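Please keep the sequence and the structure in view while reading.

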Amino acid sequence: MTDPHPDGQAALAVFDIDGVLADVRHRLHYLQSRPQRWDAFFLAAEQDPLLEEGARRLRTAQERHDVVYLTGRPERNRGLTRAWLAHHGLPTGPLHMRPDDDRRPARWVKRNTLRRLARNSTIASVLDDDPAVVAVLTADGWPVELATWLPHSSTLQSAQEQQGRT
Ligand SMILES: [Mg+2]
């Protein structure tokens, strides 16, 4: 097999996790309760079913690019997230997460991280299921695709937009 990256530097294929690879629907009820149960919501991510379409996209992307994850999940869930990825036979990193104390909407956090990654790498593709994220990253000039195989939850949308929590 020939070296797919003869110049030694692959372009990055950037994957969101929740709603792209992980089916979050079973744990949204934690955010619908009042008060919202954020820790329970994140801890239940261990049980997320794999979204086969996202996994298929990732394996295809791996043939030509270096896959990295860009997720709104907080840093404190790094171990859980890596274990979940490994359990489903996916690469466990690089994994770019939200700092634990960063409550900004996901679109701003992700834009910052993407700009930082682009200093040393070409961004080949970005896949995210949040229309607000896709709109901001597209406006910033990145090749973004909206993942549509899991309808983006209005509960999660509210959490991301108004509370900056996922
Ligand atoms: Mg998502």
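**Overall make-up**

The structure is a predicted model. The protein contains seven helices and five strands. Read from the N terminus, the order of these elements is β-α-α-α-β-α-β-α-β-α-β-α. The protein has 166 residues, of which 34% count as buried.

Helix 4 spans residues 78-87, and its buried residues are Thr81, Trp84 and Leu85. Where do the buried residues fall when helix 4 is seen down its axis? They lie within an arc of 100°, so they line one face of the helix. The cover over these buried residues includes strand 2 (66-74) and strand 3 (95-98). On the face of helix 4 turned away from the buried side, the exposed residues are Gly79, Ala86 and His87. Just after helix 4 comes Gly89, which has a positive phi of about 75°.

Pro91 belongs to the loop between helix 4 and strand 3. Is Pro91 buried, partly exposed or exposed? A residue counts as buried if 20 or more other C-beta atoms lie within 10 Å of its own, and as exposed if there are 12 or fewer. Pro91 has 17 other C-beta atoms within 10 Å, so Pro91 is partly exposed. When residues up to four places away in sequence are not counted, Pro91 touches Val67 and Leu85. Leu85 is one of the buried residues of helix 4. Pro91 and Leu58 are 33 residues apart along the chain, and their C-alpha atoms are separated by 9.4 Å.

Pro35 is placed in the loop between helix 1 (29-32) and helix 2 (38-43). Pro94 is placed in the loop between helix 4 and strand 3. Pro91 is also found in the loop between helix 4 and strand 3. The loop that holds Pro94 therefore leads from helix 4 to strand 3, and strand 3 is among the elements that cover the buried residues of helix 4.

Technical notes
Residues numbered from 1 in each chain as written. Predicted model: local features only at pLDDT ≥ 70, side-chain atom pairs only at ≥ 80, totals over all residues. Helix = DSSP H or I, 4+ residues; strand = E, 2+ residues; numbered from the N terminus. Arc of directions from axis to C-beta. Contact = placed C-beta atoms within 7 Å.
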